[in-house]
Amino acid sequence: MPFHEMFEPDGSVRACYDEVQKWVERTGIAGLNRRMEEAEAIFRRIGITFAVYGEGGDPERLIPFDLLPRIFTAQEWRVLDRGIKQRARALNAFLLDIYHRGEIIKAGIIPAEIIYRNRAYLAEMVGFTPPGRVYSHIVGIDIVRTGPTRFEVLEDNCRTPSGVSYMLENREIMTRMFPELFAQGLVAPVDDYPAQLLKSLKEVAPPACKGDPVVVVLTPGSLNSAYYEHSFLADLMGVELVEPADLFVDEGRVWMKTTLGPKAVDVIYRRIDDEYLDPLTFRPDSLLGIPGIFHVYRNGGVTLASAPGAGIADDKAVYIYVPEMIRFYLGEQPILDNIQTWQCSKPDECAYVLEHLHELVAKEVHGSGGYGMLIGPKSSTAEVEAYADRIRVHPGEFIAQPTLDLSTVPTLGPAAVVGRHADFRPYCLVGQQIRLVPGGLTRVALTEGSLVVNSSQGGGVKDTWILQD
């Protein structure tokens with residue numbers, strides 16, 4: 001039986017959920033469902049949607065919001081806080097190393113081909129040290145709970161982890177609808193995330209910056225699936241939201257067009273993929289790039305957050321080695337474990353995976369968003385065999401993991417509180433300091449028995465409460 005985060009094995013309510021249980025009893029299931037409809041109406045009114053293209057119907061969907069919060073105790077959070085920060089430090093140390101001396105490869109810990117043949121590795125970054133030695137400024141670490149005290153890392157997101165707008169808006173909605181639950185001051189606040197993000201970005205201003213750094217958020221435009229989040233974060237940080245056409249390069253700096261004339265930009269929080277960033281360095285056919293921006297970056301005229309090439313650190317083939325990175329760079333034992341993972345690039349491990357594929361979860365090493373994966377126990381014999389054929393053709397493109405007994409969190413059903421599987425994504429900020437707001441995004445699989453929490457695959461979101469001592 002998976003661990004239920006609200007209930008003890010004997011059916012009694014865990015102490016951290018006492019107030020929520022009283023609130024459920026007071027309001028009633030029908031009353032809570034009415035409030036959920038009100039919450040969804042608010043979400044739609046303020047425009048929190050995400051885009052799914054190529055599936056027909058309305059491309060702008062509302063992510064389902066579940067009213068019942070997910071709760072971590074202060075003691076549980078202390079472990080998570082230390083483990084998340086440790087991982088963010090190690091991942092940045094790894095990126096610094098592989099774009100310079102490659103000591104972890106020389107030590108025989110990580111095979112060279114996993115790094116140097118990886119399409120996320122950018123040779124253009126070799127020998128360059130970004131401001132503050134920071135490559136990944138916002139690290140989103142996906143964590144699952146598999147027992148009362150057991151947390152494991154599912155994957156790392158070192159490029160531009162999305163979803164933080166939902167963390168903030170979920171809390172805003174809950175505070176607005178149930179002020180009595182927050183009046184006691186039991187739940188740690190998350191509303192200073194934008195201020196902490198801005199502070200972290202300013203701390204990595206480039207050498208050319210003189211005075212208070214000018215920060216902008218760079219978006220591909222309003223057709224991007226996460227455009228709402230781009231504009232939301234720019235607004236809360238009090239900085240300009242810019243599209244590529246708003247920026248140009250001149251005299252070793254990046255400039256923003258304004259009604260008062262050009263203004264120098266120091267730090268760009270970019271939500272554009274590496275390959276589209278600069279047509280002079282990367283894809284020459286990119287219409288989203290700013291010509292010459294990479295040259296300015298390498299010469300200390302601007303900071304790009306995250307650094308180009310940081311995506312190698314969230315590759316699933318590299319993920320396997322993060323515990324070793326922690327030992328190698330930090331001289332510490334990992335606080336948060338990885339999930340057991342088989343590498344199909346290794347013949348003996350690949351043989352095991354192919355033999356047991358019907359009971360494993362298999363993933364593409366470069367995949368994301370819940371796409372390109374196979375959940376063996378939920379798949380037909382034909383689907384398993386078709387996936388096995390793909391692995392046989394390109395074994396190095398795949399990994400496999402056991403089907404986990406993910407914990408379940410309380411979720412509002414039509415007639416009762418039900419348990420649904422969930423994961424958790426905190427957002428760790430890296431500047432001169434490492435910062436972590438006490439919270440994150442809980443994504444929940446709303447279909448009974450499902451393990452897929454991604455919004456693009458029908459998952460929902462809920463507020464995450466960290467109780468204060």
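Strands β8 and β9 pair in the antiparallel sense over four bridges; two strands count as paired if DSSP finds at least two bridges between them. Strands (E, at least two residues) and helices (H or I, at least four) are DSSP runs, numbered from the N terminus. The model is predicted, so local features need pLDDT of at least 70 and side-chain atom pairs count only at pLDDT 80 or more, while totals for chains, interfaces and linings use all residues. Residues are numbered from 1 along each chain as its sequence is written, and side-chain values use heavy atoms, with hydrogens and water left out.

The hairpin of β9 and β10 has six residues between the strands, and Gly261 takes a positive phi near 105 degrees.

Together these strands make an open sheet of three, in the order β8-β9-β10, with antiparallel pairing. Because β8 (247-250) and β10 (263-265) stand at the edges with a single partner strand each, one side of each is left without a neighbour in the sheet. From one strand to the next, the twist averages 45 degrees; angles run from 0 to 180 degrees between N-to-C directions, and axes are lines fitted to C-alpha atoms, for helices over the stretch in contact.

A further open sheet has four strands in the order β7-β6-β11-β12, and its pairing is parallel. Its edge strands are β7 (240-242) and β12 (303-305), each of which pairs on one side only. Neighbouring strands of this sheet are turned by 30 degrees against each other on average, direction ignored. Strand β6 (residues 215-218) and β7 pair in the parallel sense over three bridges, and Val217 stands opposite Leu241 in β7. Helix α9 packs on the sheet, touching β6, β7 and β11 (267-270), and its direction makes about 150 degrees with that of β7. Contact means heavy atoms within 4.5 Å.

Helix packing comes next. Two packed helices are described by the angle between their axes and the distance between the axes. For helix α8 (residues 193-202) and helix α9 (residues 227-237), the axes come within 9 Å and cross at roughly 80 degrees. The two are therefore roughly perpendicular to each other (65 to 115 degrees; under 35 is roughly parallel, over 145 roughly antiparallel, and the rest oblique). Tyr193, Pro194, Leu197, Leu198 and Leu201 of α8 make the contact with Leu233, Leu236 and Met237 of α9. By class, this contact has eight nonpolar, no polar and no charged residues. Ala, Val, Leu, Ile, Met, Phe, Trp, Tyr, Cys and Pro count as nonpolar, Asp, Glu, Lys and Arg as charged, and the others, Gly among them, as polar.

Helix α2 (residues 29-46) and helix α6 (residues 164-177) have axes that come within 11 Å and cross at roughly 130 degrees. These helices are therefore oblique to each other. Their contact is made by residues including Arg35, Glu38 and Ile42 of α2 and Glu169, Ile173 and Arg176 of α6. The classes here are six nonpolar, one polar and five charged residues.

Finally, the chain is divided into domain 1 (1-121 + 135-189 + 424-468) and domain 2 (340-402), with bounds that come from an automatic or database domain assignment. The centres of domain 1 and domain 2, taken over C-alpha atoms, are separated by 26 Å.
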